[in-house]
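Subject: Structure handover

Hello,

Here is the structure for you to take over. My notes on it follow below.

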Amino acid sequence: MTFKTILSWLLRLTAAIILLQTLYFKFTAQPESVELFTKLGVEPWGRIGTGIIELCASILLLVPSTVFLGALLGVGLMSGAILAHLTVIGIESKGDGGQLFMLAITVLVCCLAILILQRKQGITLFNSIFKKNQKLKVII
């Protein structure tokens, strides 16, 4: 195994585990999660919808052929989470010392690093989507 492969797996596992462990709180309507999404004005559909998207991102991160998509989805999710913390929720939520905020930053950093490591997969994906329009073809 190369260093790049090991690093990629460590980043993917870190992001996926964090995303998966938060699903329990979202899908079982734990009071902390309900309060957070109520504060955002999107309870319950925002909580459940976010949980479904996080589950999809976690699965995509763990499947080698879909790593780039999972990381892209993770970046989008965590950007939204960080923005919500900075504008509505606050960095600290219910006395957690900023733990949720730090977990979101951790997943964001992992996913950004994965996008860099897996950029060839992303370019291949982009080229296959826009195959009909050769003007949009990305070349390394």
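The protein has six helices and zero strands, so by the definition used for these elements the order along the sequence is α-α-α-α-α-α. Please keep in mind that this is a predicted model.

Overall figures

Taken along the principal axes, the C-alpha atoms fill a box of roughly 50 × 35 × 25 Å. Of the 140 residues in the protein, 34% are buried. Among contacts with a separation of 6 or more, 63% are between residues 24 or more positions apart.

Backbone

Most residues other than glycine have a negative phi, and most peptide bonds are trans.

- Glu 43 and Pro 44 are joined by a cis peptide bond, with omega about 0 degrees. Pro 44 lies in the loop between α2 (31-40) and α3 (45-62).
- Ala 29 is not a glycine, yet its phi is positive, at about 50 degrees. Ala 29 belongs to the loop between α1 (3-27) and α2. Its relative accessibility is 36%, so Ala 29 counts as partly exposed.
- Lys 94, also a residue other than glycine, has a positive phi near 55 degrees. The loop between α4 (67-89) and α5 (99-117) holds Lys 94. Lys 94 is exposed because its relative accessible area is 54%, and the cut-off for exposed is over 50%.

Aromatic rings

A search of the whole structure gives one aromatic pair. The pair consists of Tyr 24 and Phe 25, with 5.4 Å centre to centre and 80 degrees between the planes. That angle makes the pair edge-to-face, because planes over 60 degrees apart are classed that way. Phe 25 is partly exposed, at a relative accessible area of 36%.

Separately, Trp 9 has the charged end of Arg 12 over its ring, 3.7 Å from the ring centre.

Gly 122

Is Gly 122 buried or exposed? Its relative accessibility is 9%, and under 20% means buried, so Gly 122 is buried. Gly 122 is part of helix α6 (residues 119-129). Between Gly 122 and Gln 21, which are 101 residues apart along the chain, the C-alpha separation is 27 Å.

Regards

Methods:
Residues numbered from 1 in each chain as written. Predicted model: local features only at pLDDT ≥ 70, side-chain atom pairs only at ≥ 80, totals over all residues. Heavy atoms only, no water. Phe/Tyr/Trp six-rings, centres within 6.5 Å; stacked < 30°, edge-to-face > 60°. Buried < 20%, exposed > 50% of the residue type's maximum accessible area, 1.4 Å probe, protein only. Lys NZ or Arg CZ within 6 Å of the ring centre and 35° of its normal. Helix = DSSP H or I, 4+ residues; strand = E, 2+ residues; numbered from the N terminus. Contact = heavy atoms within 4.5 Å.
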